[in-house]
Structures are given as structure tokens and as C-alpha cells.
Amino acid sequence: MSSHPGAMRLLLAIDVGNTNIVLGVFDLDREGLPLLHAWRLATSRERTVDEYGLNSSALLRHSGLDARDIQHVVISSVVPPLHPVIDAWVRVYFQADPLWIEPGIKTGLKVVIENPSELGADRIVNSVAGLERYGAPLIAVDFGTATTFDVVNDRREYLGGIIVPGLKLGAEALFQRTSRLPRVEITEPERLIGRNTVQAMQSGLFYGYVGQVDGILERLLAEQPGSAVVATGGLAKVIAPASRHIQHLAPDLTLEGLRLIWQKNRK
């Protein structure tokens with residue numbers, strides 16, 4: 001336990017995605033366990049235990065926090081090759097025995113898909129947080145490297161979902177597979193009809209993606225009427241405002257879900 005002056009008791013939540021690793025710190029001594037800070041690191045399979053350790057310690061220090069105050073760590077990951085490095089990083093730099101989101105832990109969610117063990121940990125975590133915040137039925141949309149739609153019915157059963165390539169993958173494919181189209185920033189264009197190549201690509205990527213998201217949500221809502229629709233993930237704040245069906249924007253949904261599952265599994 002921390003015994004240095006000004007010691008706090010903190011929970012570190014780590015969400016390992018294909019593009020980013022998102023870190024969040026919760027205050028265990030305050031009611032409701034508020035999220036104090038959140039950061040993003042680029043996911044790198046080449047980075048060593050020490051590089052992750054020093055990076056995370058620097059982020060904590062920069063926010064006025066002490067790595068010695070991390071009492072507990074909870075992790076979800078969709079990048080299995082990184083598990084040994086992440087596990088060692090947490091044990092060495094925070095002296096913590098991490099709780100991994102994996103089959104067998106308590107989530108409060110009944111998963112009724114064919115093979116629950118192949119379900120990405122982040123999708124369970126998003127569903128748990130969405131249910132806690134918005135109730136059931138629920139559709140959670142996560143705009144990551146892939147965009148995932150997760151569906152929970154009014155009996156709080158996780159029914160399954162839909163996976164489509166992420167918006168950045170589409171933009172990257174256009175750039176990689178064509179000789180004259182540049183790499184463009186993904187943003188809502190000023191006008192629908194582009195007056196140059198960059199504007200035309202931005203319009204196509206943005207409105208094409210919004211159309212895809214709304215088309216899928218329309219069909220899901222026809223099957224699960226009355227569902228709360230929540231968006232999270234890196235590009236949620238770009239796409240959600242233009243969507244007809246996304247009702248809630250929750251950038252910290254995954255971190256919140258990690259905290260809730262950690263609380264359910266406290267020894």
C-alpha cells in the first residue's frame with residue numbers, strides 16, 4: 001500500500017486496441033470512483049516492457065499522480081501477442097496483479113452467442129457500461145480500427161453484433177490502392193459536393209460512412225425497437241453528430257465498463 005505523503009488509492013484501467021492503448025485512472029477514495037485522467041498511447045508490438053512502463057509513469061507524473069498510488073489494474077485487450085508485455089509492464093511498474101477481462105469473470109451480462117470465447121473483451125466491456133448508464137435494450141457502437149455494433153436485448157442478454165472496417169481503414173485503402181489520391185484528414189466537409197480532390201474524398205468518406213452507420217442502425221432498431229444507441233471510440237465525436245440514430249456520445253465508455261467489471265470481481 002502507498003505510504004508516501006499525499007498518497008491516493010487509484011485504479012488503472014487499460015484498454016488495448018489495434019491502434020491505441022487507452023489508459024484511465026479512477027480515484028478509489030471518492031464516491032462513484034470518478035475518472036481522473038485518460039490518455040492514449042499508440043499500440044506497438046515492438047515496444048518493450050520498460051518503454052510502456054516509462055511512458056505510463058511519465059503520463060501519471062505529468063498529471064500530478066504517482067505510479068506508487070496505483071493499487072489495482074484491470075485490462076481488456078484485443079491484441080493477444082501483446083498480452084505478455086502488458087502483463088509484465090503492470091507487474092513490474094505498478095506491483096499489481098491485473099484483472100484481465102476474459103471468459104469466466106463476472107460481468108452481469110448473459111452472452112448468448114455461439115462461441116462466447118471469440119468475443120472481443122472490449123465489446124463485453126462497452127455493453128456492461130452502456131447498460132449501467134442507459135439501460136436495456138442497448139446498441140453500443142465503437143468507432144475503432146474496426147467499427148463494431150453490439151446489441152443487448154431488454155432481458156440484458158448480449159445477442160451479438162456487426163463488425164465493419166473502420167473509417168480510417170477505408171481512407172487508408174483509397175490512399176494505398178490508387179496512384180493519384182492523397183491521404184486526407186477525416187472530418188465533416190464544409191459542403192457535400194467537393195470542389196477539389198481532397199474535398200471530394202472527405203465528402204465521400206464522411207457521408208459514405210455516416211450513411212453506412214445509419215443504415216445498419218435503422219435495421220437494428222427495427223429488430224430491437226426502443227434501444228438506447230451510444231457511440232464511443234476514437235472517431236465517435238466526428239461521426240455521431242451527423243448520425244440520425246446515435247443518441248449518446250460516451251468517449252470513456254470502455255474505461256467506465258472496465259471499472260464496473262473490476263468492482264463486480266473484487267475479492
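Me: What radius of gyration does the protein have, and what would a compact globule with 267 residues have?
Reply: In this predicted model, the protein has a radius of gyration of 20 Å. A compact globule with 267 residues would be near 18 Å, so the value agrees.

Me: And what box do the C-alpha atoms fill?
Reply: Taken along the principal axes, that box is roughly 60 × 45 × 30 Å.

Me: How many bridges join strand 8 to strand 9?
Reply: Seven, between residues 146-152 and residues 157-165, with the two strands running antiparallel. F149, for instance, has I162 in strand 9 as its bridge partner.

Me: Switching to helices: at what angle do helix 1 and helix 2 pack?
Reply: Helix 1 (residues 49-62) and helix 2 (residues 83-94) pack at about 55°, and their axes are 9 Å apart. That angle makes helix 1 oblique to helix 2.

Me: Is the crossing left-handed or right-handed?
Reply: Helix 1 and helix 2 cross in a right-handed way.

Me: Which residues meet there?
Reply: From helix 1, V49, D50, Y52, G53, L54, S56, S57 and L60 meet V85, A88, W89, Y93 and F94 of helix 2. The residues of that contact divide into nine nonpolar, three polar and one charged.

Notes:
Residues numbered from 1 in each chain as written. Predicted model: local features only at pLDDT ≥ 70, side-chain atom pairs only at ≥ 80, totals over all residues. Heavy atoms only, no water. Axes fitted to C-alpha atoms, helices over the stretch in contact; angles between N-to-C directions. Helix = DSSP H or I, 4+ residues; strand = E, 2+ residues; numbered from the N terminus. Parallel < 35°, antiparallel > 145°, perpendicular 65-115°, else oblique. Left-handed = near helix turned anticlockwise from the far one by under 90°. Contact = heavy atoms within 4.5 Å. Nonpolar A, V, L, I, M, F, W, Y, C, P; charged D, E, K, R; others polar. Pairing = 2+ DSSP bridges. Rg over C-alpha atoms; globule rule 2.2 N^0.38 Å.
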